[in-house]
Amino acid sequence: MATLSTLFSGLNTANSVIDKVLSKRGTRIDNKILAIACMQKAINSTEVYLTTSNQNYQPNQELSNLWLDAFVAMIKIDKNLAVRLREKSKFWSNPYNWIENESSMELVPSLQELNEKCEMIMIELEKRK
């Protein structure tokens, strides 16, 4: 027959496992929220820049950094999307090189595509509630 201390030890172990699983799930959701927030911030800032500059593609360190931040946040969530965000960051460091080479522009995701991806992640998060 199990002793009371063995029973409590088993309960403590079970609670520890549950806490780890729940904290990982919560952390994953928090990581997704952070990732889409960073990505949406970069999207919005890029849209504002393009609107106020009359679609003038000049190197922009701030935008490059915002896209790099989005890359860093997204890498924990979706590595393929993160790689595309990194390309967006590299694009803004020197748009001329990218625009001149049409095949390299295929690597740079459009703002519309990224907005749609944010919406898809938001829908996924809503389903988890």
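Trainee: How many salt bridges does a search of the whole structure find?
Mentor: This is a predicted model. Side chains of opposite charge can pair when their charged atoms come close. The cut-off is 4 Å between a side-chain nitrogen of Lys or Arg and a carboxyl oxygen of Asp or Glu. Searched as a whole, the structure has salt bridges numbering four.

Trainee: Which residue forms a salt bridge with glutamate 124?
Mentor: Look for a side-chain nitrogen of Lys or Arg within 4 Å of the carboxyl oxygen. The closest N and O atoms of the pair are 2.0 Å apart. The partner is lysine 32.

Trainee: Which helices does the pair of glutamate 124 and lysine 32 link?
Mentor: The two residues are 92 residues apart, so distant parts of the chain are joined. Glutamate 124 belongs to residues 111–128, and lysine 32 to residues 4–52. Those are helix α6 and helix α1.

Trainee: Is lysine 32 buried or exposed?
Mentor: Buried means under 20% relative accessible area. Lysine 32 has 5%, so the label is buried.

Trainee: What is the N to O distance in the salt bridge of glutamate 113 and arginine 84?
Mentor: Glutamate 113 sits in helix α6 and arginine 84 in helix α3, so the bridge ties together parts that are 29 residues apart in sequence. Glutamate 113 is partly exposed at 33% relative accessible area. Arginine 84 is partly exposed too, at 24%. From N to O, the side chains meet at 2.2 Å.

Trainee: Where do lysine 90 and glutamate 87 lie, and what separates them?
Mentor: Lysine 90 and glutamate 87 form a salt bridge, with closest N and O atoms 3.4 Å apart. Both lie in helix α3, three residues apart. The separation is therefore about one helical turn.

Trainee: Which of lysine 90 and glutamate 87 counts as buried?
Mentor: The cut-off for buried is under 20% relative accessible area. Lysine 90 has 32%, so lysine 90 is partly exposed. At 11%, the buried residue is glutamate 87.

Trainee: Is α2 roughly parallel or antiparallel to α3?
Mentor: Helix α2 covers residues 61–74 and helix α3 residues 79–93. Their axes are 8 Å apart, at an angle of about 165 degrees. Angles over 145 degrees count as roughly antiparallel. So α2 relative to α3 is roughly antiparallel.

Trainee: How many nonpolar residues are in the contact of α2 with α3?
Mentor: On the α2 side, the contact includes Leu63, Trp67 and Phe71. On the α3 side, it includes Leu81, Leu85 and Trp92. The contact also holds three polar and two charged residues. The nonpolar count is 11.

Trainee: What is the handedness of the crossing of α3 and α6?
Mentor: The axes of α3 and α6 come within 12 Å. They cross at roughly 145 degrees. The crossing is left-handed.

Trainee: How many charged residues does the contact of α3 with α6 have?
Mentor: Leu81, Arg84, Leu85 and Lys88 come from α3. They meet Leu111, Glu113, Leu114 and Lys117 from α6. By class there are four nonpolar and no polar residues. The charged residues number four.

Trainee: Which residues are in contact with threonine 46, leaving aside its neighbours within four places in sequence?
Mentor: Threonine 46 lies in helix α1. Its relative accessibility is 1%, so threonine 46 counts as buried. The contacts are Leu63, Trp67, Trp92 and Leu111.

Trainee: How far apart in space are asparagine 65 and alanine 42, C-alpha to C-alpha?
Mentor: Asparagine 65 is in helix α2. It is partly exposed, with a relative accessible area of 35%. In sequence, asparagine 65 and alanine 42 are 23 residues apart. In space, C-alpha to C-alpha, the distance is 8.8 Å.

Trainee: What pattern does the protein chain follow along the sequence?
Mentor: The chain has six helices and zero strands. Of its 129 residues, 31% count as buried. Read along the sequence, the pattern is α-α-α-α-α-α.

Notes: Residues are numbered from 1 along each chain as its sequence is written. This is a predicted model: local features need pLDDT of at least 70, side-chain atom pairs count only at pLDDT 80 or more; totals for chains, interfaces and linings use all residues. Side-chain values use heavy atoms; hydrogens and water are left out. Axes are lines fitted to C-alpha atoms, for helices over the stretch in contact, and angles run from 0 to 180 degrees between N-to-C directions. Helices (H or I, at least four residues) and strands (E, at least two) are DSSP runs, numbered from the N terminus. Angles under 35 degrees count as roughly parallel, over 145 as roughly antiparallel, 65 to 115 as roughly perpendicular and the rest as oblique. Contact means heavy atoms within 4.5 Å. Ala, Val, Leu, Ile, Met, Phe, Trp, Tyr, Cys and Pro count as nonpolar, Asp, Glu, Lys and Arg as charged, and the others, Gly among them, as polar. Buried means under 20% relative accessible area, exposed over 50%, partly exposed in between (1.4 Å probe, protein chains only). A crossing is left-handed if the near helix is turned anticlockwise from the far one by less than a right angle, and right-handed if clockwise.
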